[in-house]
Amino acid sequence: MNQPSGISFSDIGSRLGGPSGIQELMDDCGEALSLHPDMRMLGGGQPAAIPQVQALWRQRMSEMLADGSINKALLNYDPPGGNPLFREAMAAFLRRECGWEVTRENIAVMPSSQSACFLLFNLLAGDTAGKKRRVLFPLLPEYIGYANQALCEGQFTACLPKITDTAPHEIKYHVDFDRLRHDPSIAAMAVSCPTNPTGNVLTENEFQSLHALCAAQGIPLIIDNAYGHPFPGVIHNGFQPKWQPGMIFSISMSKVGLPGVRNAVIVADAPIVKALSNMNAIVSLANGNLGQSILTPLLKDDTLIKLGRDTIRPFYRERSDHAKAILANALGEKVPWALHAQEGAFFLWLWIKGLPIPAAELYRRLKLRKVLVIPGHYFAFGLDQPWQHPNECLRLTYSQPPHIVQEGLEIIAEEVIKLF
Ligand SMILES: Cc1ncc(COP(=O)(O)O)c(C=O)c1O
């Protein structure tokens, strides 16, 4: 990486301070949203502006101003593992709504699920007593944000999926258990569900088999539920994974519509919760209080769970159907294409079979036409060998207003059709 003259960065400094896929993505999308209003933003994992959801946040902020709780939220440092009252409310919510046997000792509040994953991957894996321990991602493509989080070389490994045709122009990725080789160097397995970027949801069978494999090795199965269970609950097939001792679940406040508060929750065995809290004290001192204050009463009276079920999930389902219909109409039978089955999250994952240029080049051409997408290669990491498939794929977000999504998708189709 470029270093200022006269200053040398440490190995870890160079690893974290250099360019990365997630930094380019966040710069690109952040600039598009603030500096380039003419850019059609089909890029980031930004939640949509859903009027009922935004009204609820405004109502909570007014209540906090009126009852003075805003003063406490802004003034106080909480303990590094989170506000004890919020942890209690969260544990009660998870027991009541999800049937998870947890207490507040199983709940760690973190400054975001992004930083929670960073701390977790480096807590569990890396150089350990002279050996290298690794995190295994059992189902690529997987979230771009994990790709640069390892502090050691070779700390991540990953498994290619089985790709099945599920309908005309539709595919689904499955865990390829024949390829999934466990060895003693594996310290944890991690999967986002629904997966960013594909919207894939593990089948019950896959979830149970991964859990059994991890339990047999005495290692944690990490499920990142950023888009899924229990909130915002953008899972269309009803899958509700159950947390059990030995597992680690991550729940974000972002995709429910609060990325600005930077708060997330980790559900894990008490020693993991304690270690994460201790790490959080070193890195961040404490968490932001606003998200916890906004959500505490909404957890207690079940407003949050109803919001996901009755408003957020149907909203994204409709947007997803709308986007799919536009793309299907624009691409027709002119090129060989498939979308991943719409099982959850906020994305279309488009595979252009035999795309004549790399997806990264298509991204550049689309950006010139004021359409921002994410090329698929960013979502493949932890591999020893090149994998062509994601170079033929794009991740497309449909959370922006429908006319923007429509224009963007039609331009994408035009550019793709030109190539064949
Ligand atoms: C799968 C997944 N995990 C974690 C994150 C990070 O979320 P947070 O805003 O809580 O850091 C994202 C953000 O897009 C995501 O898609």
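Analyst: Begin with strand pairing: two strands pair if DSSP finds at least two bridges between them. Helices (H or I, at least four residues) and strands (E, at least two) are DSSP runs, numbered from the N terminus. In β16, the residue L394 is the bridge partner of P375. Strands β15 and β16 (residues 393-397) are antiparallel and share two bridges.

User: Before we go on, what kind of model is this, and how are residues numbered?

Analyst: It is a predicted model, in which local features need pLDDT of at least 70, side-chain atom pairs count only at pLDDT 80 or more, and totals for chains, interfaces and linings use all residues. Residues are numbered from 1 along each chain as its sequence is written.

User: How many helices and strands does the chain have?

Analyst: There are 12 helices and 16 strands in the chain. The C-alpha atoms fill a box of roughly 60 × 55 × 55 Å, taken along the principal axes.

User: What does the radius of gyration say about the chain?

Analyst: The radius is taken over C-alpha atoms, and the globule rule is 2.2 Å times the number of residues to the power 0.38. For 420 residues, a compact globule would have a value near 22 Å; the chain has 21 Å, which agrees. To read contacts, note that two residues are in contact if their C-beta atoms, placed from the backbone, lie within 7 Å. Among contacts between residues at least 6 apart in sequence, 73% join residues at least 24 apart.

User: How is the chain divided into domains?

Analyst: Domain bounds come from an automatic or database domain assignment. Here domain 1 is 19-50 + 308-418 and domain 2 is 54-306. Between their C-alpha centres there are 24 Å. Domain 1 gives 40 residues to the contact and domain 2 gives 43 residues. On the side of domain 1 that touches domain 2, the elements giving two or more residues are α2 (21-34), α10 (303-331), β12 (337-340) and β13 (347-352). The most comes from α10, with eight residues.

User: How do I read a sheet?

Analyst: Strands of a sheet pair through backbone hydrogen bonds, either parallel or antiparallel. In this chain, six strands make an open sheet in the order β6-β7-β12-β13-β16-β15, with mixed pairing. Its edge strands, β6 (162-167) and β15 (374-375), each pair on one side only.

User: What does β6 pair with, and how?

Analyst: Strand β6 runs antiparallel to β7 (residues 170-174), with five bridges. A167 stands opposite E170 in β7. The two strands form a hairpin with two residues between them, and H169 in the turn has a positive phi of about 60°.

User: Which residues count as buried or exposed?

Analyst: A residue is buried if 20 or more other C-beta atoms lie within 10 Å of its own, exposed if 12 or fewer, and partly exposed in between; C-beta atoms are placed from the backbone. Of the 420 residues of the chain, 46% count as buried. In β6, the count of buried residues among its six residues is zero. In strand β10 (residues 247-252), six of the six residues are buried, so β10 is largely enclosed by the rest of the structure. M247, F249 and I251 point one way from β10, while I248, S250 and S252 point the other way.

User: Which strands pair with β10?

Analyst: Strand β9 (residues 221-224) pairs with β10 in the parallel sense over four bridges, and I223 stands opposite F249. Strand β11 (residues 264-267) is antiparallel to β10, also with four bridges, and A264 in β11 stands opposite S252.

User: How covered is helix α9?

Analyst: Helix α9 (residues 290-300) is mostly covered, with eight of its 11 residues buried. Among them are L290, I294 and L298. Its buried residues pack against α3 (51-67), α4 (69-75), α5 (84-98), β2 (107-110) and α10.

User: What surrounds the ligand?

Analyst: A residue is near a molecule if its C-beta atom, placed from the backbone, lies within 6 Å of it. Here 14 residues surround the ligand, and the closest are G45, S112, Q114, S252 and S254. S252 is also one of the buried residues of β10.
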